[in-house]
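Colleague: I would like to learn how to read a model like this one, feature by feature. Could we take the features in turn, with the general idea before the particular case?

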Amino acid sequence: MREKAALVGSVRQLKKRTALAVSVVEALEVRYGFSRIIARFEPMDELISCILSQHTSDSSSFPAFTHLRATYPDWQQVVDAGPTQLADVIRKAGLANQKAKSIIACLNAIYERVGEYSLEFLRSMPTLEARKWLMELPGVGPKTASIVLCFSMGRETIPVDTHIYRVSWRIGIIPDDIGEVKAHDYLMAVVPPELAFRYHIDLIQHGRVVCKAPLPDCSNCPIVDRCQWYKKDGPAKRKAELSKARTQNRKSVKRVTKDRSAGINP
Ligand code: SF4
């Protein structure tokens, strides 16, 4: 409790933000339904599929992962194939050359540290220790480590993507300038462990459907009464900014067109 309070600022702040997070999950579940973890893959598969999914959509990375596993049923075969051949197999996932090198570096590091290609031993390690272990692997940051622990082992980590980060700071659960990396620890301190997965799923859904990046649909939001950004007139200010940017854009297009017709190169 003391450690968590130190991270958030004070015990009062911690309790306030935890209560807010709990009420947000409850309200969003009325809208989006209740979610529970169903393990997708075993930990090694989850890790490699997660590296493949970086900077691309699931619809591109999942077929690439299926193809990779069909081509190389054994992780040693992936290492033996080398980066060039592996890149050909995972081409669909994008950034294939870079990802092939990351996957092989990661597999080598696991083998060096564990003596086999397996992460099963992490199941008996405390969550934060397991996350730290994973983050010491090449190319594995807090988001990837949290995904592996959450989706393959049902741990209480909260992988922070762009939706979770944006919605969390808009509501007032995390500070707006904390950054995605630190937000992982902050959310783990604030959100009760038993709600971590539900928080993750609910906020992604809300960020995709209602609390969108350019302009949120606050009139259709079930948590509008507890949103700090809404209370501070954030959406209205954002709307004014977008409208100003559009007007300036129109003016500069007009000016360029006018200059071109007058023979002036911009
Ligand atoms: S009130 Fe608006 S900004 Fe706040 S969470 Fe809802 S949609 Fe997002």
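Colleague: Which element gives the largest share of the shell around the ligand?

Modeller: A residue counts as near a molecule if its C-beta atom, placed from the backbone, lies within 6 Å of it. Elements are DSSP runs numbered from the N terminus, with helices (H or I) of at least four residues and strands (E) of at least two. Here the largest share of the shell, three residues, comes from H9, and the elements that give two or more residues are H9 and H12. This is a predicted model, in which local features need pLDDT of at least 70 and side-chain atom pairs count only at pLDDT 80 or more, while totals for chains, interfaces and linings use all residues. Residues are numbered from 1 along each chain as its sequence is written.

Colleague: How many residues surround the ligand, and which are the closest?

Modeller: The ligand is surrounded by 15 residues, and the closest are Cys 211, Pro 216, Cys 218, Cys 221 and Cys 227. To sort a shell by class, count Ala, Val, Leu, Ile, Met, Phe, Trp, Tyr, Cys and Pro as nonpolar, Asp, Glu, Lys and Arg as charged, and the others, Gly among them, as polar. By that scheme the shell has 13 nonpolar, no polar and two charged residues.

Colleague: Why is H9 described as largely enclosed by the rest of the structure?

Modeller: A residue is buried if 20 or more other C-beta atoms, placed from the backbone, lie within 10 Å of its own, exposed if 12 or fewer, and partly exposed in between. Helix H9 (residues 162-171) has seven of its ten residues buried, so it is largely enclosed by the rest of the structure. Those buried residues are Ile 164, Tyr 165, Arg 166, Val 167, Ser 168, Arg 170 and Ile 171, and they pack against helices H2, H10, H11, H12 and H13. Just after H9, Gly 172 takes a positive phi of about 110 degrees.

Colleague: How many residues of H8 are buried, and what do they pack against?

Modeller: H8 is mostly covered, with twelve of its twelve residues buried, including Lys 143, Val 148 and Phe 151. Contact means that the C-beta atoms of two residues, placed from the backbone, lie within 7 Å, and the buried residues of H8 pack against H3, H7, H10 and H11. The expected span of a helix is 1.5 Å times one less than its number of residues; H8 reaches 16 Å from its first C-alpha to its last, close to the 16 Å expected. Just after H8, Gly 154 takes a positive phi of about 65 degrees.

Colleague: Which residues touch the most other members of the largest nonpolar core?

Modeller: A nonpolar core is a set of buried Ala, Val, Leu, Ile, Met, Phe, Trp, Tyr and Cys residues joined through C-beta atoms within 7 Å. The largest one has 61 residues, of which Ile 103, Val 148, Leu 187 and Val 191 touch the most other members. Helix H8 gives the most to this core, with seven residues, and the core draws at least three residues from each of domain 1 and domain 2. Leaving aside neighbours within four places in sequence, Ile 103 is in contact with Ile 48, Ile 51, Val 78 and Leu 86.

Colleague: Into which domains is the protein divided?

Modeller: Domain bounds come from an automatic or database domain assignment, which here gives domain 1 (2-37 + 158-209), domain 2 (43-153) and domain 3 (233-266). The C-alpha centres of domain 1 and domain 3 lie 37 Å apart. The protein as a whole has 13 helices and zero strands, and buried residues make up 34% of its 266 residues.
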